[in-house]
Amino acid sequence: MRIIPRALTTVAALTLFAAVTACSDTPMSASDEAAETLLADALSSTPVGFSATENSYAGADNDAWRPHARRHAGRGGPFGSAFGAGFMGGGLGHDFATGDGFRAGLSRGPFGGGVRAGDCTFNASLGRAVCAPATDRPGLTVARWVIWTDVNGVVQSAPDSTTASMQTHAEVSGTVPRRDSATRTVRHVSDRLITGLQKGSTQRVVNGTSNGSETVNGFVAAGAFVAQRVVADTTRDLVIPVSTQGRTYPISGTVIRSMEVEVSVAGGAAETASWREVLTYDGTDTATLEITRNGVTKTC
């Protein structure tokens, strides 16, 4: 099976996940059922505040992980179609998936957006522009810095048409309260380097890492729950042609994404789930995907 980054099909996702989902006639306790639902929700979203870092995820994180009714029943179990057409965390971010060159609305093309120079002040002693602390939402603080360099590697105080590379760093931390008395404590960090940004460049190369953790204390009908989630991704040598003539899919490179979740409800035994994706671009408008779900690998 070949996965098309721009339009991942729900049919393919259902086929894959139905094949690896086990069914059981054993009655579930209320706490087990609640834990199962929480695990499914966790893997179909991203930690709160994670979108403030540089990462490959497209999933909404606006308080997205919360207990729901068993809405996944009848659709291949809790891991059936909850993954956004085959990818966890709501799918791939725009620059990784759409292939929309300069038509994406970014003035500098794919991966050319990022930090706005006006939000940051250049610090000559540090050799970087330090951005003013921001509040992603009540309780969360975002700290950023960025380094711009020209084609000769000379650090610039602000980007211009000669800027060849952009290195960004972001940190998100804090505790977010919810109206139902639940709390979420998070810590996220990302680093990304993009080269080939200068005017006239025919391709860009992206390397980066991001990781985050989220601990949630809250309540469901079955009782109090504690949930922990760890998410990460790595972008290795992602090469993207730059063109104004049409779509510019990555021609090489690898994106590795992972998420691990642990949930305990009403003092019961902890239940866990893990998901890992390795996406390899091959120079066409398709890509190869390897998924490892709870230790079982499927190569597509």
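**View 1. Glu214 and its salt bridge to Arg229 in the predicted model**. Glu214 counts as buried because its relative accessibility is 0%, where buried means under 20% relative accessible area, exposed over 50% and partly exposed in between (1.4 Å probe, protein chains only). Arg229 is also buried, with a relative accessible area of 1%. The closest N and O atoms of the pair are 2.6 Å apart; a salt bridge here is a side-chain nitrogen of Lys or Arg within 4 Å of a carboxyl oxygen of Asp or Glu. Glu214 belongs to strand β8 (residues 203–220) and Arg229 to strand β9 (residues 223–241), so the contact ties together parts 15 residues apart in sequence. Strands (E, at least two residues) and helices (H or I, at least four) are DSSP runs, numbered from the N terminus. Through shared partners, salt bridges join Arg184, Glu214 and Arg229 into one network.

**View 2. The salt bridge between Arg192 and Glu54**. The N to O distance is 3.1 Å. Arg192 sits in strand β7 (residues 183–195) and Glu54 in the loop between α2 (30–43) and α3 (94–97), 138 residues apart. Both Arg192 and Glu54 are buried.

**View 3. The salt bridge between Glu171 and Arg187**. The closest N and O atoms are 3.3 Å apart. Glu171 is in strand β6 (residues 163–177) and Arg187 in strand β7. Glu171 counts as partly exposed at 25% relative accessibility, as does Arg187 at 41%.

**Notes.** Residues are numbered from 1 along each chain as its sequence is written. In this predicted model, local features need pLDDT of at least 70 and side-chain atom pairs count only at pLDDT 80 or more, totals for chains, interfaces and linings use all residues, and side-chain values use heavy atoms, without hydrogens and water.
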